[in-house]
Each structure stands twice: as structure tokens, then as C-alpha cells.
Amino acid sequence: MKVAVVGATGMVGEVMLKVLEERNFPISELLLVASERSVGKKLTYKNEAHSVIGLADAVAAQPDIAIFSAGGDTSLEWAPKFAEVGTTVIDNSSAWRMDPTKKLVVPEINANALTADDKIIANPNCSTIQMVLALDPLHKKYQMKRVVVSTYQSVSGTGVKAVEQMENEAAGIEGEMAYPHPINRNALPHCDVFLENGYTKEEMKLAREPQKILDDRTFSVTATAVRIPTAGGHSESVNVEFHNDFDLAEVRQLLSETPGIVVQDNPETNTYPMPVFANGKDDVFVGRIRRDETQPNTLNMWIVADNLRKGAATNAVQIAEYLVEHNLVSNTSEAIS
């Protein structure tokens, strides 16, 4: 396949290249794409140097697949241009997620909804992906009524400037601020921008995206998203009220049998998910599984995943793999195994 990675010089773009290489995605020609200021920069993929090109040149090259991680404005402007020349776009931004004409995909849950006609496919929010992967098998069994989620999100979700701010503050160095307040030794209840309803955009993504992914509007989600000084991995405290009662042993079994989930749940050995463990891994880790004793049919659990991998790059590559495996993208050159 001829594959374009748009936003190749960014944090997610770098992880995207790493994941494509690790999973040996069938690439016959790789196009590394970024803004004009990065054109000509050299990046390495499989020990081979590639020059970064601009968006117009990438469209002209008519790639089979373009994976976008370049922000919403870039996606809104350029994804349709790629689609017009026959490219299938997998977009990591929020630009297309709630568009009713676009699929919002977590491969383990709803990739089977994809068709060859889907030329712009949305990758969900990083916090949404790890949450719905754990909720899906439980919803099918017990039927969710209401979800209350509080997130503890890595600064890497904001980008390289946020990581630099945290590192500078830890070292006592004054530098550029990605946040309105210090992040080192702090917690900011402020992920993305505030909206008129008092919630942030991140919180509203968590509220709306799960209903679309699970194709079910009968449950509700309310969220509080918090940024904490970790560099690789989002954590979530999730409280789920079901219509039907559950057995904790069965809950653990359902989660253990779900592809992409690892259950780490043994208080006796202090075994539970942590971002320091999830960092660099593709799985979603679930633990602290316990009954909410304050009301019936309600479960508490703790969910952790690497936000740059399963929360972004890996999920996008898994979508691309599904498209190739099911012949939903045309290839202009013979794929390399």
C-alpha cells in the first residue's frame, strides 16, 4: 500500500511510524507529510531516511491510505481533498467524529461497520477509546444506564510543549507554558477549552462519542477530565450503573476474554493498572473492579492505557489493517508482506 502519514513530525506522528514499523504494516511507498515549515526535514522509517513533503504534493501522489494526526483545521481542509482522489483517510482529530456521515471506529467494537465507500474514517478521542473498550462487553451483558468518569490524563495528550513545560518546571527552568498554570506537582481540572455549559471539549467528547461508537443512545455519560503530571498514559475512574445486576467474577471473566484488554486486579499483591506500566504498550488495562455499595447494579473500575498508542496511533493503524484485510481499500502497487 502507498501510505501517507500526515503530521509525521508531531508526537502522535512519531508514534504512528513506530507502530507501523512494529506491526509490519504492508507499505510499498511511505509519504511523510507535514506543514510547509517542516518540508524537507528527514525522518527515519525502517532505517531508511525519508524527506517530509507538503500536503499538496501528498494529495497529488494519490496514496491508498492517509493517516492524519495534524489537528482539526488541517483535517477539515485536507481530508476531503485526499478523499476526492480516492484515498481512504483515517483521522485522529475531533473534526469528523460527530459527523453523522462518518464512522467513528474502535476496531474491536465496530470495524465491521466499515465499507469501501467510507473515505473519511474518524479515530475516537484517546480517553474514549480505552473507556469504551472496557464498557462494550459489559454493556452487551448488563445494559448500561449511566456512566460517571473522571480522568487523570497525561500531559503528552496536549503535545510536546506540555511535556517540555512539565520537565522544565521539575528542573526549575522557566520556559514556555502550554497550560495557564504549573503542571508539575499539580492537577488541572482543565482538558481542552471550556464550553458555554461549563464542561470542557474533552469532557463532552467523553459524553458523546461512546453513544456513537456503541450505536446506542439509551445510556448517558458524564465526565470530569483532569490533567496530571505524567508523561505517558491516561487513567480513568469509571462508575457504571447497569439496568441488570452482575457478578464480579463474571465481570472479570468478560473483561479478560475481550481482545485488547488486560485485567490487573489483585489488591492482595497491590496489582492494579498504572500509567508507568501501560506506557509503551497497546493494551487497555483494567483493575480496581468492585461493586458500588451505595446503589444497586453499579460497578467501579480503574482503566489505564497509553494515550499515544491505543489512544491514537495504534487504533488508527488497526483500522488501516482492517481495511486492508477486508479489501476495503484499493492498492495501486503490490503490497509488501
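Modeller: Two strands are said to pair if DSSP finds at least two bridges between them. Strands (E, at least two residues) and helices (H or I, at least four) are DSSP runs, numbered from the N terminus. This is a predicted model, in which local features need pLDDT of at least 70 and side-chain atom pairs count only at pLDDT 80 or more, while totals for chains, interfaces and linings use all residues. Residues are numbered from 1 along each chain as its sequence is written, and side-chain values use heavy atoms, with hydrogens and water left out.

Colleague: In what order do the six strands of the open sheet stand?

Modeller: Strands of a sheet pair through backbone hydrogen bonds, either parallel or antiparallel. Here the order is β10-β9-β11-β14-β13-β12, with mixed pairing. Strands β10 (220-227) and β12 (261-263) each have a single partner strand, so one side of each lacks a neighbour in the sheet.

Colleague: Which residue in β14 is the bridge partner of Glu236?

Modeller: That partner is Ile303. Strands β11 and β14 run antiparallel and are joined by eight bridges. Strand β9 (residues 144-153) also pairs with β11 in the antiparallel sense, over eight bridges; Tyr152 has Ser235 in β11 as its bridge partner.

Colleague: Where is a parallel pair to be found, β12 with β13?

Modeller: Strand β12 pairs with β13 (residues 284-291) in the parallel sense over three bridges, and Val263 stands opposite Val286 in β13.

Colleague: How many residues of β11 are buried?

Modeller: Buried means under 20% relative accessible area, exposed over 50%, and partly exposed in between (1.4 Å probe, protein chains only). In β11 (residues 234-242), eight of the nine residues are buried, so the strand is largely enclosed by the rest of the structure. Tyr272, by contrast, is partly exposed at 34% relative accessible area.
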